[in-house]
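Please look over the sequence and the structure below before reading on.

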Amino acid sequence: MSALLNRPFVKMNGIGNDIVVLDLRADSAPVTEDDARAIARKEAVPYDQLMVLYPPRMAGTDAYVRIFNSDGSEAQACGNGMRCVVSREVKKTGRHDFVYETRAGLIPAHFENENTITVDMGKPRFAWNEIPLAEEFRDTRMIELQIGPIDAPVLHSPSVVSMGNPHAVFWVDDPYAYDLERFGPMLENHPIFPERANISLAHVKDREHIVMRTWERGAGLTKACGSAACAVAVSAARTKRTGRKVHLSLPGGNLFIEWRESDDHVLMTGSAEFEFEGVLDAKILNTTSAA
């Protein structure tokens, strides 16, 4: 029987990125890959990311957050999910500033209102072995990778970066003109990415506006991916396509990203929306309760 039986959860979304928040700070119940996959089933509580809050491990932090993808794998970072966590914490505590620990490091966050929640996603990493890539590329603003015929590739020459998670950004004229549901799995699992990767298609409309779509590692085609938006914004600035402040249009809504010059940190601002609360019963966990 799952240790999560009868635990309360909250279903939310960050501009369409489906999020489940599970607060286990009271007793630190374990979450297994099987638990994460069971909750994400279509007949249970489908999500892109499951945000699990555990007691803080570091002084000055509010929680240690484990992040599960819908396939049961763990992610290092999830900006949209962090905004959802912050939104719930404000209602519990009345505070507006928080610091969380994740596998990607410390994540400070500030709540202005439900439409303006800012998460500090930390510093981008560009070195090939930090993203990581399977082989050395001295310049990760553009690497040799393509899908399709050599003389007429469908997608090619992405920018790559780590925002806690590995990301590849393909620059295109129209992100909606490609079958990302077909190409996404191929690129996510390409041998060049030993830890798999998030795959984004991005079009720079002007120096302050980017349109993008993302195939999310471990979750699939998504309406929004916060760390991918950060990766796109940073890659656009790094390749001189935009400045360091940019608005991004995703299928689920809009984000504002600032790659701060003073300390190299990436700040992401957007909304969070409450959907419903529930309890993890035996049906959701795909198990049977004790008689």
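A residue is called buried when its relative accessible area is under 20%, exposed when it is over 50%, and partly exposed in between, with a 1.4 Å probe and protein chains only. Helices (H or I, at least four residues) and strands (E, at least two) are DSSP runs, numbered from the N terminus. The model is a predicted one, in which local features need pLDDT of at least 70 and side-chain atom pairs count only at pLDDT 80 or more, whereas totals for chains, interfaces and linings use all residues. Residues are numbered from 1 along each chain as its sequence is written, and side-chain values use heavy atoms, with hydrogens and water left out.

With these terms in hand, we can turn to helix α4, which covers residues 226-238. This helix is mostly covered, since 12 of its 13 residues are buried, among them Gly-226, Ala-228, Cys-230, Val-232 and Ser-235. The expected span of a helix is 1.5 Å times one less than its number of residues; for the 13 residues of α4 this gives 18 Å, and the end C-alpha atoms are 18 Å apart, so the two values agree. After α4 comes Lys-240, which has a positive phi, near 65°.

The next part of the picture is a set of strands, where two strands are said to pair if DSSP finds at least two bridges between them. Strand β1 (residues 8-14) runs antiparallel to β2, and five bridges join the two. Their hairpin has two residues between the strands, and in it Ile-15 takes a positive phi near 40°. On its other pairing, β2 meets strand β3 (residues 49-54) in the parallel sense, over five bridges. Val-20 of β2 is the bridge partner of Lys-11, and the bridge partner of Val-20 in β3 is Leu-50. Between β2 and β3 the chain passes through helix α1 (residues 33-39), and this β-α-β crossover is right-handed, a term used if, with the strands pointing away from the viewer, the path from the first strand over the helix to the second runs clockwise. How many of the seven residues of strand β2 (residues 17-23) are buried? Five of them are, so β2 is largely enclosed by the rest of the structure.

Side chains of opposite charge can pair when their charged atoms come close. A salt bridge is counted here when a side-chain nitrogen of Lys or Arg lies within 4 Å of a carboxyl oxygen of Asp or Glu, and by this rule there are 19 salt bridges. One of them joins the side chains of Lys-11 and Asp-18, at 3.0 Å from N to O. Lys-11 counts as buried because its relative accessibility is 5%, whereas Asp-18, with a relative accessible area of 27%, is partly exposed. Another links Arg-37 to Asp-34, with the closest N and O atoms 2.5 Å apart; both residues lie in helix α1, three residues apart, which is about one turn of the helix. Arg-37 counts as partly exposed, at 34% relative accessibility. Arg-260 and Asp-263 also form a salt bridge, their closest N and O atoms being 2.7 Å apart, and here Arg-260 is partly exposed at 25%, while Asp-263 is partly exposed at 27%.

Salt bridges can also be traced through several residues, as in the network that links Asp-23, Arg-25, Glu-89 and Lys-92. Glu-89 lies in helix α2 and counts as buried because its relative accessibility is 4%. If contact means heavy atoms within 4.5 Å, then Glu-89 touches Arg-25, Leu-53, Gly-94, Phe-98 and Tyr-100, not counting residues up to four places away in sequence. Glu-89 and Phe-111 are 22 residues apart in sequence, and their C-alpha atoms are 9.7 Å apart in space.

Helix α2 (residues 79-93) also holds Arg-88, which is buried because its relative accessible area is 15%. Leaving aside neighbours within four places in sequence, Arg-88 is in contact with Val-10, Met-12, Phe-274 and Glu-277.

Rings of Phe, Tyr and Trp (its six-membered ring) pair if their centres lie within 6.5 Å, and planes under 30 degrees apart count as stacked, over 60 as edge-to-face and the rest as tilted. The count by this rule is three aromatic pairs. In the pair of Phe-98 and Tyr-100, the ring centres are 6.1 Å apart and the planes are at 15°, so the pair is stacked. Both of these residues are buried.
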